[in-house]
Amino acid sequence: MGTDAAKAPPSLEEVRWRLDAIDGELLKLLDERASLAGSVAAAKRAAGDTGFGLRPGREALIIRRLLAAPRSAANDALVIRIWREIMSDNLSRQGPYHLAVWGGKDPTRTVELTRLRFGTAPRLQVLPEAKDVLGAAKTPWGVGVLALTPDSNWWGRLLAEPKLKVFAALPCLNRWGPQAALAVAEVEVEPTGGDQTFWVTDSPKSAAAIVEALSPSGVAAEPLAASGGLKLFSLSGFFQVNDERLAQAPGKLTGVIGAAPTPFDL
Ligand SMILES: C=C(O[C@@H]1C=C(C(=O)O)C=C[C@H]1O)C(=O)O
């Protein structure tokens with residue numbers, strides 16, 4: 001019917017030519033974006049913001065907007081990985097951004113989750129003690145990533161460290177596996193419109209009884225970890241440290257220790 005030639009697949013040479021042209025365009029845009037790192041840092045300084053430049057809420061909004069944009073072939077995982085790398089590189093050129101990881105007996109998975117979330121630009125050290133990772137997170141431009149393991153309640157220490165907050169749960173896609181680690185830093189956590197809050201209690205009640213006790217105040221809680229008389233819950237939504245909805249919550253020693261965007265594929 002005379003259309004065979006039109007339907008013939010492009011030659012390898014032709015496809016490679018198109019790939020090379022696209023790489024050129026991508027590099028131009030990547031270079032333009034990267035060149036703004038200095039301007040971002042200067043704008044933050046000019047606004048009187050001399051602290052850690054990480055903005056987890058802004059990063060989540062950027063990724064959510066990209067994931068909502070029309071695409072034909074680039075999958076969610078590709079978009080997330082590439083932009084995490086780009087944004088971490090940007091941040092690492094704004095200041096001495098560095099990572100410390102505690103992963104329990106086998107830190108392999110926690111290190112993998114850390115690189116997936118924070119890219120390869122910042123330097124990373126694995127430390128044998130959770131408390132040392134919390135210490136590193138308190139140094140300028142430091143982020144600590146700590147595993148949720150059944151034998152540690154490192155997260156309970158944050159009740160006494162109001163400046164140090166959980167700001168991310170890793171991984172950020174359900175299809176990459178269950179949330180297995182939390183990231184902490186001295187950063188402001190802001191609501192993004194799709195958040196979970198981390199809350200600790202010393203209540204001796206069962207996790208199920210605590211979930212039930214919170215529900216009449218409209219708090220949907222999910223147990224995350226329990227160790228050494230403390231329990232960690234993920235609450236659906238964004239809660240301030242002194243949120244009224246938690247006023248009657250079970251426990252003598254209780255508190256919000258941070259908040260993070262919910263996974264992108266929820
Ligand atoms: C550029 C900024 O700093 C960091 C890098 C970002 C980026 O590359 O888009 C976004 C948020 C921050 O973690 C910013 O605050 O806008």
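The model is a predicted one.

**Whole chain**

Along the principal axes, the C-alpha atoms fill a box of roughly 80 × 50 × 40 Å. The chain has 266 residues, and 43% of them are buried. Of the contacts between residues at least 6 apart in sequence, 72% join residues at least 24 apart.

One pair of residues gives a sense of the distances within the model. Ala 209 and Ala 43 are separated by 166 residues in sequence and by 49 Å in space, C-alpha to C-alpha. Ala 209 belongs to helix α8, residues 207–214. With a relative accessible area of 31%, Ala 209 is partly exposed.

**Helix α3**

Helix α3 spans residues 37–46, and its buried residues are Ala 37, Ala 41 and Lys 44. Seen down the axis of α3, these buried residues fall within an arc of 65°, so they line one face of the helix. An α-helix has 3.6 residues a turn, so residues three or four places apart point the same way. The cover over the buried residues of α3 includes α2 (12–34) and α5 (76–92). After α3 comes Gly 48, which has a positive phi, near 85°.

**Salt bridges**

Side chains of opposite charge can pair when their charged atoms come close. The structure holds 13 salt bridges, and the table gives some of them.

| Salt bridge | N to O distance |
|---|---|
| Lys 28 and Glu 25 | 3.4 Å |
| Asp 49 and Arg 55 | 2.1 Å |
| Arg 93 and Asp 89 | 2.8 Å |

Salt bridges that share partners also join Glu 59, Arg 84 and Arg 117 into one network.

Lys 28 and Glu 25 both lie in helix α2, three residues apart, which is about one turn of the helix. How exposed is Lys 28? Its relative accessibility is 55%, so Lys 28 counts as exposed, because the class begins over 50%. Glu 25, at 45% relative accessibility, counts as partly exposed.

In the pair of Asp 49 and Arg 55, Asp 49 is partly exposed at 28% relative accessibility, and Arg 55 is partly exposed at 27%.

**Backbone details**

Most residues other than glycine have a negative phi, and most peptide bonds are trans.

Trp 141 is not a glycine, yet has a positive phi of about 65°. Trp 141 sits in the loop between α7 (130–137) and β3 (142–147). Is Trp 141 buried or exposed? Trp 141 has a relative accessible area of 12% and is therefore buried, the limit for that class being under 20%.

The other place is the peptide bond from Leu 170 to Pro 171, which is cis, with omega near 0°. Pro 171 lies in the loop between β4 (165–170) and β5 (181–185).

**Thr 262**

Thr 262 is found in the segment that comes after β9 (254–261). Its relative accessible area is 18%, so Thr 262 is buried. Which residues are in contact with Thr 262, leaving aside its neighbours within four places in sequence? They are Arg 64, Gly 194, Asp 195 and Gln 196.

Terms used
Residues numbered from 1 in each chain as written. Predicted model: local features only at pLDDT ≥ 70, side-chain atom pairs only at ≥ 80, totals over all residues. Heavy atoms only, no water. Helix = DSSP H or I, 4+ residues; strand = E, 2+ residues; numbered from the N terminus. Buried < 20%, exposed > 50% of the residue type's maximum accessible area, 1.4 Å probe, protein only. Contact = heavy atoms within 4.5 Å. Arc of directions from axis to C-beta. Salt bridge = Lys/Arg side-chain N within 4 Å of Asp/Glu carboxyl O.
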